[in-house]
Amino acid sequence: TADAREQLESAGVTIKPYDRVFADVAELSGEPSSDDAKQPDKPVRFWMDGGKCNAALAQTVDSQHLVTAQSPIALLKARKNEQELKGMREAHLRDAVAVIKFLVWLEESLDKQQKNSNTSESSSDERKAELELDEVSVADQLEQFRSQQAHFKGLSFETISASGPNGAVIHYAPTRGKCRPVTTQEMFLCDSGGQYLDGTTDITRTVHFGSPSQHEIDCFTRVLLGHVALAKVVFPHGTTGPMLDVLARQALWKVGLDYRHGTGHGVGAFLNVHEGPHGISSTVRRSSVQSTPLDEGMVVTNEPGYYEDGKFGIRIESVMIVRAAETPHSFGGAKFLCFDTIAMVPIQRKLINVSLMDRESIAWVDAFHADCLRQVGPLLADDPSALAWLQNACAPLVQ
């Protein structure tokens with residue numbers, strides 16, 4: 001944009017055509033370094049991240065002048081400072097307000113649609129509104145709710161608004177005019193996020209506004225058990241994400257189920273919604289994910305799922321912050337870490353089969369919901385309908 005160009009130029013940044021990078025790098029690779037007083041004729045050296053940089057660009061530099069290693073900037077970005085973490089928490093609270101208002105609106109709209117379908121007295125305008133409840137129109141409404149929040153700058157990625165069997169397509173993108181309606185008859189998966197000046201969000205909630213089957217409920221509960229197991233783990237410093245990935249899958253594995261994607265990725269602070277070098281995955285083969293230990297200040301998603309082709313998809317995703325854990329012991333002087341979940345949107349209780357859960361998992365969900373109500377409730381004081389919905393959604397699992 002013109003504003004971005006002006007800011008960059010005022011900071012002394014020269015902007016060149018994208019394709020010029022190959023010629024400029026080749027030219028620079030043969031020039032002496034001006035800041036090396038002892039070896040004034042030493043050519044410029046290039047540091048390129050082998051896991052990120054493309055081969056064509058690397059081949060423009062003589063190998064003797066090329067350093068291939070993970071960029072040190074990546075770790076500096078990954079370990080957020082206190083101000084960045086504060087911003088991420090605050091952005092997620094405002095984002096929770098938007099997502100909760102969206103879920104309230106969607107539930108009320110579907111309820112009205114259901115009532116209208118049971119009577120012949122519905123007007124043409126009401127029937128038109130029914131037709132507009134599809135994957136794209138509801139995603140538009142979610143964006144509208146986000147745009148009402150302070151510091152909102154846009155979506156962090158294209159919303160994955162997926163109804164019924166489309167939820168089984170992991171990176172589904174609906175097409176306006178050619179997408180599926182959202183109804184009370186099937187599961188609805190919504191993976192979305194916002195960019196705010198103080199943070200980046202990424203959240204997935206899967207819901208059913210009708211009567212889910214017992215199979216859907218049981219599958220959802222097993223995904224939730226994996227989500228909880230990862231969220232509440234305590235682990236020693238030096239642990240990498242792939243070492244924890246099994247926790248998110250074990251409840252599914254017990255009954256022969258699984259999912260074909262990673263369990264978590266790093267998240268930037270008003271930057272990329274997918275940010276390395278860390279992550280939680282047994283399927284991602286990038287060396288940085290396999291070799292980068294989780295550390296204090298890192299932000300990572302927790303998003304196990306389950307998908308049945310042609311039927312439904314389930315994913316529960318929340319953003320977490322890595323922090324120091326308080327433990328009664330410190331074996332060998334080791335530091336232990338844990339996660340703080342900062343995505344404050346409740347998990348739909350009607351999809352949870354409590355009989356499949358252990359006491360610790362039930363306690364975690366109840367504590368999480370209590371946090372949602374405590375932190376987001378005051379932000380909904382001017383919206384009695386949304387506040388009442390939140391209070392009901394955050395009721396204890398066992399009454």
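Is Asp371 buried, partly exposed or exposed? In this predicted model, Asp371 is partly exposed, with a relative accessibility of 29%. Its salt-bridge partner is Arg374, the closest N and O atoms lying 2.9 Å apart. Arg374 counts as exposed at 53% relative accessibility. Both residues belong to helix 11 (residues 359–376), where a spacing of three residues separates them by about one helical turn.

The count of salt bridges comes to 20. One of them joins Asp191 to Arg315, with a closest N to O distance of 3.0 Å. This pair connects distant parts of the chain, since Asp191 lies in strand 5 and Arg315 in strand 14 (residues 312–315), 124 residues apart. Asp191 is buried, at a relative accessible area of 6%, and Arg315 is likewise buried, at 2%. A further salt bridge is formed by the side chains of Glu308 and Lys311, at 3.9 Å from N to O. Here Glu308 is buried, with a relative accessible area of 13%, whereas Lys311 is exposed, at 53%. Lys16, Arg20 and Asp24 are linked in a salt-bridge network.

Strand 5 (residues 188–192) pairs with strand 8 in the antiparallel sense through five bridges, and Leu189 has Thr206 of strand 8 as its bridge partner. Three strands, in the order 4-5-8, make up an open antiparallel sheet. Its edges are strand 4 (160–163) and strand 8 (203–207), each of which pairs on one side only. From one strand to the next, the twist averages 5 degrees.

Ile15 is located in the loop between helix 1 (2–10) and helix 2 (20–28) and is partly exposed, with a relative accessible area of 35%.

Terms used: Residues numbered from 1 in each chain as written. Predicted model: local features only at pLDDT ≥ 70, side-chain atom pairs only at ≥ 80, totals over all residues. Heavy atoms only, no water. Pairing = 2+ DSSP bridges. Helix = DSSP H or I, 4+ residues; strand = E, 2+ residues; numbered from the N terminus. Axes fitted to C-alpha atoms, helices over the stretch in contact; angles between N-to-C directions. Buried < 20%, exposed > 50% of the residue type's maximum accessible area, 1.4 Å probe, protein only. Salt bridge = Lys/Arg side-chain N within 4 Å of Asp/Glu carboxyl O.
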